[in-house]
Amino acid sequence: MKPGAKAATNSTVISNMQIWSLLVAVLLAMPAAAQYVPPPVPEAPEPRAPTKEVAALESLAWLEGCWRGTAGSREFREHWLPLRGGMLIGVSQTVTQDTIQGYEYLRLEARADGVYYVAAPSGKAEAAFRLLEQTVDKAEGRNDMIFTFASPRPEFPQRIVYRRASEGWLYAT
């Protein structure tokens, strides 16, 4: 045997093995590719009628934006983000003579048993107030929308009332 002949034989064997491996891989992959069935495209869900809780929450979407006012020497601001994902998120701040008197993180959300006003006041535990009623005050030519929230807890406050005056004002008590 000539030197180098063995190396040529080994090289030829490796080359044949590579060809056979490639051929087997292609043959095995072909039936798998031929059998591939793409997943079904999900159908769009049927539009559902809004529940009364969602409709009630949507009736509060007018809160979006920044509200500010004064009561004596106190200045207050309340800022609400737009209704998204079934929730309005807000924050309020009360200031007297450039000193913070308090702040709250707020949210309005639809739950299975109604719409809730949830407040997390500065330094206190979160409190939830359920929407009891929506009424319209038409006295003296007004057309004010009134939203009354109540808490079963014996602590103050037990009620929160938001009034949207027909002139565009917000009254919160």
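This is a predicted model: local features need pLDDT of at least 70, side-chain atom pairs count only at pLDDT 80 or more; totals for chains, interfaces and linings use all residues.
A pocket here is an open set of points on a 1 Å grid over the protein atoms alone, with protein on both sides within 12 Å along at least five of seven lines, and its lining residues have an atom within 4 Å of a point.

Residues are numbered from 1 along each chain as its sequence is written, and side-chain values use heavy atoms, with hydrogens and water left out.

**The chain as a whole**

- The chain has 2 helices and 9 strands; these are DSSP runs numbered from the N terminus, with helices being H or I of at least four residues and strands being E of at least two.
- Along the sequence, the order of elements is α-α-β-β-β-β-β-β-β-β-β.
- Of the 173 residues, 24% are buried (under 20% relative accessible area, with exposed meaning over 50% and partly exposed in between, for a 1.4 Å probe and protein chains only).
- The accessible surface is about 12,700 Å², and carbon and sulfur atoms account for 59% of it (areas come from the Shrake-Rupley method with a 1.4 Å probe).
- Among contacts between residues at least 6 apart in sequence, 26% join residues at least 24 apart (a contact means heavy atoms within 4.5 Å).

- Strand 1 (residues 65–71) pairs with strand 2 in the antiparallel sense over 7 bridges; two strands count as paired if DSSP finds at least two bridges between them.
- In this pair R68 stands opposite R77, and the hairpin has 2 residues between the strands, with G72 in the turn at a positive phi of about 65 degrees.
- Strand 2 (residues 74–80) and strand 3 (residues 87–96) are also antiparallel, over 7 bridges.
- Their hairpin has 6 residues between the strands, and G85 in the turn has a positive phi of about 60 degrees.
- Strand 3 and strand 4 (residues 99–111) pair in the antiparallel sense over 10 bridges.
- T94 of strand 3 is a handy landmark: T94 is the bridge partner of F76 and stands opposite G102 in strand 4.

- Most residues other than glycine have a negative phi, and most peptide bonds are trans.
- Q97 is not a glycine, yet has a positive phi of about 45 degrees; Q97 sits in the loop between strand 3 and strand 4 and is exposed, with a relative accessible area of 70%.
- D98 lies in the loop between strand 3 and strand 4, with a positive phi near 65 degrees and a relative accessible area of 76%, so D98 counts as exposed.
- F156 and P157 are joined by a cis peptide bond with omega about -10 degrees, and P157 is in the loop between strand 7 (144–150) and strand 8.

**The largest pocket**

- The lining has 16 nonpolar, 7 polar and 8 charged residues (Ala, Val, Leu, Ile, Met, Phe, Trp, Tyr, Cys and Pro count as nonpolar, Asp, Glu, Lys and Arg as charged, and the others, Gly among them, as polar).

**The second largest pocket and V115**

- The second largest pocket is lined by K52, E53, A56, D113, G114, V115, R130, L131, L132, E133 and Q134.
- V115 belongs to strand 5 (residues 114–121) and counts as buried because its relative accessibility is 3%.
- Leaving aside neighbours within four places in sequence, V115 is in contact with E53, A56, L57, L60, E109, A110, F129, R130 and L131.

Key: On a 1 Å grid over the protein atoms alone, a cavity is a set of points where a 1.4 Å probe fits but cannot get out, and a pocket is an open set with protein on both sides within 12 Å along at least five of seven lines; lining residues have an atom within 4 Å of a point.
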